[in-house]
Amino acid sequence: MPLEINRWLVIPDEALEERFLAATGPGGQNVNKVATAVQLRCDTRLLDLPWFAREQLRRIAGRRMTADGVIMLSANRFRSQEANRQDARERLAAIFAESLI
């Protein structure tokens, strides 16, 4: 599902990749059996961003952005896949929104 940042910027499915992993830490019996943590990757090379937004994005993302321009976020605060997925997507949207200011 595409990620809408604002009415001018929508991150298409092709630029997003999600992987579900087993979470670590406390969480009961399911923590090592159920893949609830999510790793969200966004390939910024596939996006049509203004030059200033790219520079801001690199600064804001910091270590979360690879040299190839891929932003990687992990989310495992919640006990369900969907909640962690939503958390990661909201955090990614916040990074992009801040880069457009």
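Mentor: Let us begin with R89, which lies in helix 2. Please keep in mind that this is a predicted model.

Trainee: Is R89 buried or exposed?

Mentor: Burial is read from the relative accessible area, and the cut-off for "buried" is under 20%. R89 has a relative accessible area of 6%, so it counts as buried.

Trainee: Which residues is R89 in contact with, once its neighbours within four places in sequence are left aside?

Mentor: They are M1, P2, L3, L16, E18 and L40.

Trainee: What does L3 touch, not counting residues up to four places away in sequence?

Mentor: L3 touches L9, V10, I11, L16, R89, L92 and A93. Sequence distance and spatial distance should be read separately. L3 and E90 are 87 residues apart in sequence, and their C-alpha atoms are 9.1 Å apart in space. For the chain as a whole, among contacts between residues at least 6 apart in sequence, 55% join residues at least 24 apart.

Trainee: How many helices and strands does the chain have, and what pattern does it follow?

Mentor: There are 2 helices and 5 strands. Read along the sequence, the pattern is β-β-β-β-α-β-α.

Trainee: How should I read the pairing of strands? Which strands pair with strand 4?

Mentor: One looks at the bridges and at the sense in which the strands run. Strand 3 (residues 16–21) is joined to strand 4 by 6 bridges, and the two run antiparallel. In that pairing, L21 stands opposite A37. Strand 4 also pairs with strand 5 (residues 70–75) in the antiparallel sense, over 6 bridges; here Q39 stands opposite S74.

Trainee: Turning to helix 1, which of its residues are buried and which are exposed?

Mentor: In helix 1 (residues 51–61), A53, L57, I60 and A61 are buried. These residues lie on the same side of helix 1, because they cover an arc of only 85 degrees around the axis. W51, E55 and R59, on the other side of helix 1, are exposed. The cover over the buried residues of helix 1 includes strand 5 and helix 2 (81–99).

Trainee: What follows just after helix 1?

Mentor: G62 is found there, with a positive phi of about 55 degrees. Another glycine, G69, has its place in the loop between helix 1 and strand 5. G69 is buried, with a relative accessible area of 3%. Leaving aside its neighbours within four places in sequence, G69 is in contact with C42, D43, T44, R45 and R58.

Trainee: How is a pair of aromatic rings described?

Mentor: It is described by the distance of the centres and the angle of the planes. A search of the whole structure finds 1 aromatic pair. W51 and F52 form this pair, with 6.2 Å from centre to centre and 90 degrees between the planes, an edge-to-face arrangement. W51 counts as exposed at 68% relative accessibility, while F52, at 34%, is partly exposed.

Trainee: Which residues is F96 in contact with, leaving aside its neighbours within four places in sequence?

Mentor: The contacts of F96 are I5, L9, I11, C42, T44, L47, L49, L57 and I71.

Trainee: Finally, what share of the chain is buried, and what is the extent of its accessible surface?

Mentor: Of the 101 residues of the chain, 38% count as buried. The accessible surface comes to about 6500 Å², and 51% of that belongs to carbon and sulfur atoms.

Methods. Residues numbered from 1 in each chain as written. Predicted model: local features only at pLDDT ≥ 70, side-chain atom pairs only at ≥ 80, totals over all residues. Heavy atoms only, no water. Phe/Tyr/Trp six-rings, centres within 6.5 Å; stacked < 30°, edge-to-face > 60°. Buried < 20%, exposed > 50% of the residue type's maximum accessible area, 1.4 Å probe, protein only. Pairing = 2+ DSSP bridges. Helix = DSSP H or I, 4+ residues; strand = E, 2+ residues; numbered from the N terminus. Arc of directions from axis to C-beta. Contact = heavy atoms within 4.5 Å. Areas by Shrake-Rupley, 256 points an atom, 1.4 Å probe, with all protein chains shown as cover.
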